[in-house]
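This report describes a structural model and the criteria used to read it.

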Amino acid sequence: MSDYVRFQQITKEDVIAYMRLDDVSEDESKLLDTILPAAKSFVLSYTGRTGEQADTFPEMTIAAYAVASDMFDKRAFQINTAQENEVVMSILGARSVNLL
């Protein structure tokens, strides 16, 4: 398999590159320090996978990037929760082992 960023190796810099942010303020950097572990935790909780298992699926890294980006973009108090990111939900649904 080709080389890719493994789920557990995702860094804040990877997320910044994914989101195409040019100038990240100190406050935004601190926020991303909180968002990244939250996004990874969300992906693992949603799928019921471990970090080691997530490392074997490249799309889990993309899901974490997308969740982190979504968390960063939707910092407002009120958001429209009726819309889900279809790509992320598809990836997470395909890799979930805790379906009830």
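Phe42 counts as partly exposed because its relative accessibility is 37%, the class lying between buried (under 20% relative accessible area) and exposed (over 50%), with a 1.4 Å probe and protein chains only. The residue sits in helix H2, which covers residues 26-47; helices here are DSSP runs of H or I with at least four residues, strands are E runs of at least two, and both are numbered from the N terminus.

Together with Tyr46 and Met71, Phe42 forms a nonpolar patch on the surface, with about 240 Å² of accessible area in total. Such areas come from the Shrake-Rupley method with a 1.4 Å probe, and for residues only the protein chains shown count as cover.

## Basis of the model

This is a predicted model, in which local features need pLDDT of at least 70 and side-chain atom pairs count only at pLDDT 80 or more, while totals for chains, interfaces and linings use all residues. Residues are numbered from 1 along each chain as its sequence is written, and side-chain values use heavy atoms, with hydrogens and water left out.

## Overall fold

The protein has five helices and zero strands, and buried residues make up 34% of its 100 residues. Among contacts (heavy atoms within 4.5 Å) with a separation of 6 or more, 77% join residues 24 or more positions apart. The accessible surface comes to about 6,600 Å², of which 50% belongs to carbon and sulfur atoms.

## The nonpolar core

A nonpolar core is a set of buried Ala, Val, Leu, Ile, Met, Phe, Trp, Tyr and Cys residues joined through side-chain atoms within 4.5 Å. The largest one holds 23 residues, of which Phe7, Ile10, Val15, Leu32, Val43 and Met60 touch the most other members. Helices H1 (12-19), H2, H4 (58-73) and H5 each give two or more residues to this core, and H4 gives the most, with eight. Leaving aside neighbours within four places in sequence, Ile10 is in contact with residues including Val15, Leu36 and Tyr65.

Lys12, Val15, Ile16 and Met19 are buried in H1. Seen down the helix axis, these buried residues fall within an arc of 100 degrees, so they line one face of H1; the arc is that of the directions from the axis to the C-beta atoms. They pack against H2 and H4, whereas Glu13 and Ala17, on the other side of H1, are exposed.

Note on methods:
Patches are made of residues with over 30% relative accessible area and no salt bridge: like charges are joined within 9 Å, nonpolar side chains (Val, Leu, Ile, Met, Phe, Trp, Tyr) within 5 Å. A salt bridge is a side-chain nitrogen of Lys or Arg within 4 Å of a carboxyl oxygen of Asp or Glu.
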